[in-house]
Amino acid sequence: MQTTPKLLCVKNLKKYFPIKKNAPLSKKRQYVRAVEDVSLEIYKGETFALVGESGCGKSTLGRTVLQLLAPSGGEVLYYGTGQEINLAKCDKKRMRILRKELQIIFQDPYSSLNPRMTVGQIIGEGPVTHKYYAKGSEALKNYVLSVMEKCGLPSYAYGRYPHEFSGGQRQRICIARALALKPKFIVCDECVSALDVSIQSQILNLLQDLKEKEGLTYLFISHDLGVVRHIASRIAVMYLGEIVETGDSESIFENPLHPYTVALTSVAPVLPSAGKKEREKILLEGSMPNSVFPPKGCKFHTRCFMAEEICKRCVPPFVETEEGRFVRCHFAQMPTEEKRRIAQKRSEESEKKEEKVKICK
Ligand code: SF4
């Protein structure tokens with residue numbers, strides 16, 4: 001039973017991007033359905049991870065939650081101010097005030113920093129805009145230096161430019177820029193994907209540390225389950241714009257119930273120190289279908305190793321298999337081991353088929 005208060009509640013959120021009509025006389029407008037009817041809750045102080053292959057809609061969902069992209073439908077209820085605010089209905093002025101509480105850290109620390117501004121100016125810009133401090137004041141400088149220290153940046157960085165720093169240090173500058181606004185909620189959008197593995201762990205440790213000390217809540221977006229495993233308390237798995245499974249981190253890794261999660265977690269790295277055996281890898285065939293014309297029935301049926309006739313015809317419901325655990329599959333209740341066995345059998349069958357084809361040739 002979740003007793004921590006909610007910080008965000010996303011209800012039936014949609015984000016469609018219109019595309020050009022192919023035929024000039026065609027009446028029907030077509031859309032890329034990047035986010036389709038997503039509902040989720042994020043609790044205060046947690047790290048909620050959103051995982052899936054690239055192009056599944058994770059980043060679009062993160063940006064739509066923050067209203068950096070206007071939603072095509074649904075609600076984003078924010079409770080950070082002590083009352084319920086539907087961000088999707090806020091006008092620009094209200095959103096500008098709330099923006100300081102709702103921050104984002106982008107993937108690329110190279111392109112997300114203005115090369116003409118010093119580190120001090122970059123981090124101090126937000127507090128000046130939101131009138132925390134006067135521009136050029138000593139108090140502002142002291143505040144920026146204190147934020148830099150929290151983020152592990154040396155004080156000499158204050159007057160230097162972003163190009164003088166490594167990728168990891170630049171990502172620290174991006175984190176400091178977000179932190180300077182005293183946010184409550186931060187979307188970390190693939191924020192360690194562009195960094196070396198050794199630097200990734202330093203940045204993850206910093207995020208973890210700041211979360212505890214500053215009382216932050218994260219929506220951590222990543223395609224890398226190895227990274228997510230160490231930082232997230234709960235996980236939502238996304239496929240073709242939809243959440244297909246959600247639950248606490250340990251259950252998702254140890255007992256995945258959606259065939260897509262079964263496949264994704266089978267290829268996630270296992271630390272030798274964890275004392276666990278490497279699992280048989282389940283490789284999915286094909287690529288993600290076009291989100292303009294998603295498959296009928298279950299959107300995953302074109303790649304699923306368990307697909308049956310019903311999957312092609314009927315949309316599976318999002319069922320709660322146990323408290324806090326939701327799965328979008330007609331066979332949600334089937335045990336994980338059984339699903340792994342089916343995947344193994346299918347892969348052996350397709351290997352045999354391929355061999356036969358080679359012999360015939
Ligand atoms: Fe696979 Fe069918 Fe479940 Fe979809 S509903 S994930 S196709 S078994």
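## Largest pocket

The largest pocket is lined by 19 residues, and those nearest its centre are Leu 283, Glu 285, Arg 346, Ser 347 and Ser 350. This description, like everything below, refers to a predicted model. The pocket holds about 540 Å³ of space. Sorted by class, its lining comprises nine charged, six nonpolar and four polar residues.

## Cavities

Two cavities of 30 Å³ or more are present in the structure. The largest cavity has a volume of about 90 Å³. It is lined by 14 residues, of which Pro 259, Cys 298, Cys 304, Cys 311 and Cys 329 are the closest to its centre. The lining of this cavity divides into 10 nonpolar, three polar and one charged residues.

The second largest cavity contains about 40 Å³ of space. Its lining consists of Tyr 239, Glu 242, Val 244, His 258, Cys 298, Lys 299, Phe 300 and Arg 328. By class, four of these are nonpolar, one is polar and three are charged.

## Aromatic cluster

The structure holds six aromatic pairs. One of them joins Tyr 239 and Phe 300 in an edge-to-face arrangement, with 4.9 Å from centre to centre and 80° between the planes. Tyr 239 belongs to strand E9 (residues 234-239), whereas Phe 300 sits in the loop between H9 and helix H10 (309-313); the pair links distant parts of the chain, 61 residues apart. Tyr 239 has a relative accessible area of 1% and is therefore buried, the cut-off being under 20%. Phe 300 also counts as buried, at 2% relative accessibility.

A further pair is formed by Tyr 260 and Phe 300: the ring centres are 5.3 Å apart and the planes meet at 65°, so this pair is edge-to-face. Because Tyr 260 is in helix H9 and Phe 300 is in the loop between H9 and H10, the pair ties together parts that are 40 residues apart in sequence. Tyr 260 is buried, as is Phe 300. Through ring pairs, Tyr 239, Tyr 260 and Phe 300 are linked into a cluster.

## Helix H9

How many residues of helix H9 are buried? Eight of the eight residues in this helix (residues 259-266) are buried, so H9 is largely enclosed by the rest of the structure. The buried residues are Pro 259, Tyr 260, Thr 261, Val 262, Ala 263, Leu 264, Thr 265 and Ser 266.

## Nonpolar core

The largest nonpolar core has 94 residues, and the most contacts inside it are made by Ile 123, Phe 185, Leu 207 and Phe 220. Helix H5 (residues 167-179) gives the most to this core, contributing six residues. In soluble globular proteins, nonpolar side chains tend to be buried together.

Leu 207 shows what such contacts involve. With neighbours within four places in sequence left aside, Leu 207 is in contact with Ile 105, Ile 175, Cys 188, Cys 191, Tyr 218, Phe 220 and Ile 231.

Helix H1 (residues 58-65) is mostly covered, with six of its eight residues buried. These are Lys 58, Thr 60, Leu 61, Gly 62, Thr 64 and Val 65.

H1 is followed by Gln 67, which lies in the loop between H1 and strand E4 (73-78). Phi of Gln 67 is near 70°, a positive value in a residue other than glycine. Gln 67 has a relative accessible area of 15%, and because buried means under 20%, it counts as buried.

## Exposed loop lysines

Lys 131 is placed in the loop between helix H3 (119-129) and helix H4 (138-150). Its phi is near 60°, again a positive value in a residue other than glycine. Is Lys 131 buried or exposed? The relative accessible area of Lys 131 is 72%, so the residue is exposed, the cut-off being over 50%.

Lys 20 is located in the loop between strand E1 (6-19) and strand E2 (30-43). It is exposed, with a relative accessible area of 73%. Lys 20 and Asp 224 are separated by 204 residues in sequence and by 33 Å in space, C-alpha to C-alpha.

Conventions:
Residues are numbered from 1 along each chain as its sequence is written. Side-chain values use heavy atoms; hydrogens and water are left out. Buried means under 20% relative accessible area, exposed over 50%, partly exposed in between (1.4 Å probe, protein chains only). Helices (H or I, at least four residues) and strands (E, at least two) are DSSP runs, numbered from the N terminus. A nonpolar core is a set of buried Ala, Val, Leu, Ile, Met, Phe, Trp, Tyr and Cys residues joined through side-chain atoms within 4.5 Å. Contact means heavy atoms within 4.5 Å. On a 1 Å grid over the protein atoms alone, a cavity is a set of points where a 1.4 Å probe fits but cannot get out, and a pocket is an open set with protein on both sides within 12 Å along at least five of seven lines; lining residues have an atom within 4 Å of a point. Grid points are joined across faces, edges and corners, and a volume is the space filled by probe spheres set on the points. Ala, Val, Leu, Ile, Met, Phe, Trp, Tyr, Cys and Pro count as nonpolar, Asp, Glu, Lys and Arg as charged, and the others, Gly among them, as polar. Rings of Phe, Tyr and Trp (its six-membered ring) pair if their centres lie within 6.5 Å; planes under 30 degrees apart count as stacked, over 60 as edge-to-face and the rest as tilted.
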